Amino acid sequence: MARTQPQKRATVHDVAAAAGVSRGTVSRVLNGGYVSAASRAAIEAAIADVGYVPNTAARNLVRRRSQAVGFLTLEPHSLLLEDPNIGAIMLGANEELSIADHQMVSLVVDSARDTERVARYLSGGFVDGAIVVSARTHDPITRVIGALGLPATFVGHPPDLSRDTPWVGIDNAGSARALVTRLAAGGRRRIGMIAAALDRDSGADRLAGFRAALGDRFDAGLVAEVPLYDYASGVKGMRELLSREPAIDGVFAASDAVAAGALEVLRDAGRAVPADVGLVGFDDSSWALRTQPPLSTVHQPAREVGAVAADLVLRQINGDHPDPVVLPSPIVWRDSA
């Protein structure tokens, strides 16, 4: 029995012949260049007729493009599963990259060894750009990206970030100030804060907003510093605040996960929320609706943050120089304060 010969793969030559144009004109269409509307229509029809499928890998090799963008999360591995914001940012970024036919590569940096490994990966040409989440002040990854000249967008703005590097985020200080001002307006007199992640701009800015809202009433002894935006940190921080000031009647937790941990400690201590203690969080994440009562908080548009971060990276890859983007972050007032 005769073997069936495999069908020959259509080439650019076939498309050019079918469309009645040169191979160069076909290449300009495939690479996003300018051609007349009539020529573009003829080439697109020819592509459909001959069944041409672009060889993306070969084209990217010529253009020195990987068609991939790294998503770098500078957090402990455990926090990736607990923090719904990171997942939402990732989904938003992936959606935007998928529309642009780019692959997202997730990279977690949780140690010096991770930093070295990821630095080697970034310098190997495996990605065309990077989205960086949770960079600290003087973070080694920030220096690596700057040295490589890699197109990058940061979620947040570390103080040492180059002015040429775009970022996307919210007004953490202004939002925290507005939230705590409203908490204080409800008659709360002894207001404390569980201040998380002070080595990041988001944590430092939220503390600054808390301090600005209280003015002369600010008491540094009612600030409990904790390392992470997680439930366990909320438990630790609330226990510390109660030991310092048993009569505390207001608490600003630096995230909703932190607030949820604080709520457990207050309940165990016999302090009712909001009757005895007004409690507010930050992020408007799924944690805010899982607690009883639901949390008053600040809405962080995490999915939109991810989408904008991806858009800013893609624009840089294509030669643009976009400005930073600050997204709105309104207060969501519920029953916890």
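**Aromatic rings**

I started with two phenylalanines: both Phe210 and Phe218 are buried, where buried means under 20% relative accessible area, exposed over 50% and partly exposed in between, using a 1.4 Å probe and protein chains only. Before going on I noted that this is a predicted model, with local features needing pLDDT of at least 70 and side-chain atom pairs counted only at pLDDT 80 or more, while totals for chains, interfaces and linings use all residues. Residues are numbered from 1 along each chain as its sequence is written, and side-chain values use heavy atoms, leaving out hydrogens and water.

How many aromatic pairs does the structure hold? I got 5, with rings of Phe, Tyr and Trp (its six-membered ring) pairing if their centres lie within 6.5 Å; planes under 30 degrees apart are stacked, over 60 edge-to-face, and the rest tilted. One of them is Tyr121 with Phe126, which is stacked at 4.9 Å centre to centre and 20° between the planes. Tyr121 is partly exposed at 25% relative accessible area, and Phe126 is partly exposed too, at 47%. Phe210 and Phe218 make an edge-to-face pair, with 6.0 Å between centres and 75° between planes. I then followed the ring pairs and found that they link Phe210, Phe218, Phe252 and Phe282 into a cluster.

**Charges over rings**

Next I looked for charges over rings (NZ of Lys or CZ of Arg within 6 Å of the ring centre and within 35 degrees of the ring normal). Arg206 has its charged end over the ring of Phe282, 3.9 Å from the centre. Arg290 does likewise over the face of Trp287, at 4.0 Å from the ring centre.

**Cavities**

Grid points are joined across faces, edges and corners, and a volume is the space filled by probe spheres set on the points.

The count is 3 cavities of 30 Å³ or more. The largest cavity has a volume of about 310 Å³. Its lining has 22 residues, and Ser134, Val155, Ser202, Arg206 and Gln300 lie nearest the centre. By class, the lining of the largest cavity splits into 7 nonpolar, 9 polar and 6 charged residues, taking Ala, Val, Leu, Ile, Met, Phe, Trp, Tyr, Cys and Pro as nonpolar, Asp, Glu, Lys and Arg as charged, and the others, Gly among them, as polar. At least two lining residues come from each of α6 (84-99), β5 (167-170) and α10 (201-214); helices (H or I, at least four residues) and strands (E, at least two) are DSSP runs numbered from the N terminus.

The second largest cavity holds about 40 Å³. Among its lining residues are Asp83, Tyr229, Asp283 and Trp287. α6 and α12 (256-268) are the elements that give two or more residues to this lining.

**Largest pocket**

The largest pocket comes to about 300 Å³. Of its 16 lining residues, Asp164, Thr165, Pro166, Gln316 and His321 are closest to the centre. The lining has 7 nonpolar, 5 polar and 4 charged residues.

Most residues other than glycine have a negative phi, and most peptide bonds are trans, so I went looking for exceptions. The bond from Val273 to Pro274 is cis, with omega near 10°, and Pro274 is in the loop between α12 and β9 (278-280). Gln292 and Pro293 are also joined by a cis bond, with omega about 5°; Pro293 sits in the loop between α13 (286-290) and β10 (297-298).

Ala197 is in the loop between β6 (191-196) and α10, and counts as buried at 0% relative accessibility. Asp284 also has a positive phi, near 55°, in the loop between β9 and α13.

Definitions and conventions
1 Å grid on protein atoms, 1.4 Å probe; cavity = no way out; pocket = protein on both sides within 12 Å on 5 of 7 lines; lining within 4 Å.
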